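User: I would like to learn how to read a few structural features. Please take them one by one.

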Number of protein chains: 2
Amino acid sequence: MTKLNSEQDFLTLIDKYFPSENGHVTLGRGDDCSILRSGTDLCISKDLFLEDVHFRRSYFSPADIGYKALAVNISDIAAMGGQPCGFALGLIIPPSLESEFWEPFFQSMSALAKQHGLILAGGDLSGGQYLGISVTVWGEAAGGRFLSRGNAVPGDILFLHGPAGMARTGLLALEESGTKATDFYPECVQAHLRPPMRVAAGIKLAESEHVKGLMDLSDGLARDLPRFLGCCEGSLGARISLDESQLHEEIIHYAESKSISAAEHAFLGGEDYALFGAASADGFAELKAKIPGLHQIGTITGDNKILLNGKEYTAGGFDHFSK
Amino acid sequence: MTKLNSEQDFLTLIDKYFPSENGHVTLGRGDDCSILRSGTDLCISKDLFLEDVHFRRSYFSPADIGYKALAVNISDIAAMGGQPCGFALGLIIPPSLESEFWEPFFQSMSALAKQHGLILAGGDLSGGQYLGISVTVWGEAAGGRFLSRGNAVPGDILFLHGPAGMARTGLLALEESGTKATDFYPECVQAHLRPPMRVAAGIKLAESEHVKGLMDLSDGLARDLPRFLGCCEGSLGARISLDESQLHEEIIHYAESKSISAAEHAFLGGEDYALFGAASADGFAELKAKIPGLHQIGTITGDNKILLNGKEYTAGGFDHFSK
């Protein structure tokens, strides 16, 4: 095992994996601040990714941790219909982690950054007892505007780009069986460890005048849908259809093994980082044709109720469905 | 004691202390991203502020922690000659901390933010075993340009705005005597707990064509001076004069009590957040007249050596002074 003995060792490793200049900054790492090149508004987001809170090292490889710590932030930019430009990185570094951990961690984070054209523009390193990663990411409105949540009206289509419930299935299987979960739920495990980013779809959604609002599913439809509706004026509701034929076969399999409803399980979801939004009904066919994978999961109503497959959902959860 | 039982309790408390809109954002907190209003380049910095790494709760009050977590970030903007605009806040929250901690924490952070016109533009909350604060701050070039480190040439004046060595004296006294340190070193303790921010001076420095480069003293002159020189081309050196008559009487008193050199103690410094930079010799008198408190501490040389009060300083430290 190879010790990283100083801050300079870390900075050298970071320089190996991340270029310090690109068109998104006029001053890169190494000064009191970096300088973001900007002639327009920027969107910005900041997330914490902490050991034993957001991930476990028992089933997240170093490369998975490096990927997901940055990915969950990129997803916030995608959820604004933005193009990510760069990020700042804060690392809380436990003394036990040696270069065998950090090389694949940075390699994987760097590959994701490169894929989306992000520059690493500074940050902070500190010792600590538990591994923690704090990322701040910024982006531009490549689609001509940013898409906030809400802005929907009754009759609008609710759509998803990406799955609901796969990451939750992966998480629960990993918590139950550790890395063996991969044998039975390979795609759901992957969806939890390495959620795919939907930047291109987000930008196309921002380009379309038919799209009203957008967010990403980080806490699951059950929690994120009321937040989306809450950003609209008036007392909106929604009718959601999650047909078993639309759900991934691993979700169906998992739900059957636990004797639970696959649709309710998918509705609870969490960490899918699918894009979730509303579009006008008359423009949705055109939108679907332009963005492969976009699919309707419901409609906006004006009755202040959330129905899942025809049954009313209340904030208390599925134990309290009205009959 | 009053428990904060949910993320919503925290968000409500944050809303109580921080307005969610001002001219620096076009979209405030509560969406996937906030949107920064910007027609020009922005400078950005990110720091971690972690319990038992950067502060101790045994002698930092909740209000001190809230102040300093934001202050060290504002200082990075000041060190670019920038005007801070806003910040994003990541909190790692141990379950033991109740609202009696968080009220003064947010109140103090909010007072500092208000003083400098900063908006809180989002962030992230998470549970954790140790208290940690991760701040990302951004700013604009109110002085017409940003000041990076370096850019000095032989003959330039090295200046300070603020003290060297007071925060180190305060820190060592607090580590030795806890809160009783205040009885003997009241101003040095205050300099460690509540370093004053030098935003106005930084902007005035950026406005002057005589100023070559600027940084803030976060690690002390001994470590920060070589970093400053390293950003210049060529093999620059510096002659530093730290006369005892210029040092705070509490530093002199501390050094005498430990039988150490007050000048060397001040040169080691750390966490003073004084502004440190270089200016052309012919413009320095004019600069000093414009910026109260600015004072010369040395000159840039071309001989690749650092002399403190005439004695050569090497990276090994003061035990290795050449005779």
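Analyst: We go through the model, then cysteines, chain A and one glycine. This is a predicted model, where local features need pLDDT of at least 70, side-chain atom pairs count only at pLDDT 80 or more, and totals for chains, interfaces and linings use all residues. Residues are numbered from 1 along each chain as its sequence is written, chains are lettered from A and ligands numbered from 1 in the order in which they are written, and side-chain values use heavy atoms, with hydrogens and water left out.

User: How many disulfides does the structure hold?

Analyst: A disulfide is a covalent bond between the sulfur atoms of two cysteines. The test here is a pair of cysteine sulfur atoms within 2.5 Å. Over all chains, the count is zero. Take Cys33(A): its nearest cysteine sulfur belongs to Cys43(B), 4.0 Å away, and Cys33(A) is in no disulfide. Cys85(A) is in no disulfide either; its nearest cysteine sulfur, from Cys43(A), is 7.9 Å off.

User: Is Cys33(A) buried or exposed?

Analyst: Buried means under 20% relative accessible area, exposed over 50%, and partly exposed in between (1.4 Å probe, protein chains only). Cys33(A) has 3% relative accessibility, so Cys33(A) counts as buried. Cys85(A) is buried as well, at 0%.

User: Which helix and strand counts does chain A have?

Analyst: Helices (H or I, at least four residues) and strands (E, at least two) are DSSP runs, numbered from the N terminus. Chain A has 11 helices and 13 strands.

User: What radius of gyration does chain A have, against that of a compact globule?

Analyst: The radius is taken over C-alpha atoms, and the globule rule is 2.2 Å times the number of residues to the power 0.38. For 323 residues the rule gives a value near 20 Å; chain A has 21 Å, which agrees. Its C-alpha atoms fill a box of roughly 65 × 50 × 30 Å along the principal axes. Buried residues make up 59% of chain A.

User: What share of the contacts in chain A joins residues 24 or more positions apart?

Analyst: Contact means heavy atoms within 4.5 Å. Among contacts with a separation of 6 or more, that share is 83%.

User: Where is Gly220(B) placed?

Analyst: Gly220(B) sits in the loop between strand 8 (211–216) and helix 8 (221–230) of chain B. At 1% relative accessibility, Gly220(B) is buried. Beyond its neighbours within four places in sequence, its contacts include Leu225(B), Phe267(B) and Gly270(B). Asp31(B) lies 189 residues from Gly220(B) in sequence and 40 Å in space, C-alpha to C-alpha.
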